[in-house]
Amino acid sequence: LAAGDARGQLACQSSPDRQTHHAMSASPTAMISEGSFVVLLLSGGERKLQRVRSGAAMRVGKHKPTCDPLLGAPFGANFVVETGGGEARLVRDQRTIEEIDASVTEVA
């Protein structure tokens, strides 16, 4: 799961021209805040627009983690859904998109 600025390029970029590209060009200081819109790039290739609100749940596949871990993260951050104890939560994934894609390809 990658969170990107809904105003710009997928996978984290912020661009006023609203074009969609895969190149990374966001400012390293652009952080997700309360009320931000983000584009979620799910591992199956699905793209989903999500407004980030503290305590709000979002649907990621069959899971419903809260948006809270997105708050304060930089646009373009990668997350993984971890489950356990009957709940799902987002956890920051430090791997690059390329590393994540390679690991998904190996499993498939």
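Student: What should I keep in mind about the model before we start?

Tutor: It is predicted, so to speak of local features we need pLDDT of at least 70, and side-chain atom pairs count only at pLDDT 80 or more, while totals for chains, interfaces and linings use all residues. Residues are numbered from 1 along each chain as its sequence is written, and side-chain values use heavy atoms, leaving out hydrogens and water.

Student: Which pattern does the protein follow along the sequence?

Tutor: Helices (H or I, at least four residues) and strands (E, at least two) are DSSP runs, numbered from the N terminus. Here the pattern reads β-β-β-β-β-α, with 1 helix and 5 strands.

Student: How many bridges join β2 to β3?

Tutor: Two strands pair if DSSP finds at least two bridges between them. Strand β2 (residues 37-41) and strand β3 (residues 47-51) run antiparallel, joined by 5 bridges. L40 stands opposite K48 in β3. The two strands form a hairpin with 5 residues between them, and G45 in the turn has a positive phi of about 95°.

Student: Is R92 buried, exposed or in between, and why?

Tutor: Buried means under 20% relative accessible area, exposed over 50%, and partly exposed in between (1.4 Å probe, protein chains only). R92 counts as partly exposed because its relative accessibility is 38%. Its place is in strand β5 (residues 87-93).

Student: Which residues is R92 in contact with, leaving aside neighbours within four places in sequence?

Tutor: Contact means heavy atoms within 4.5 Å. For R92 these residues are P74, A77, N78 and F79.
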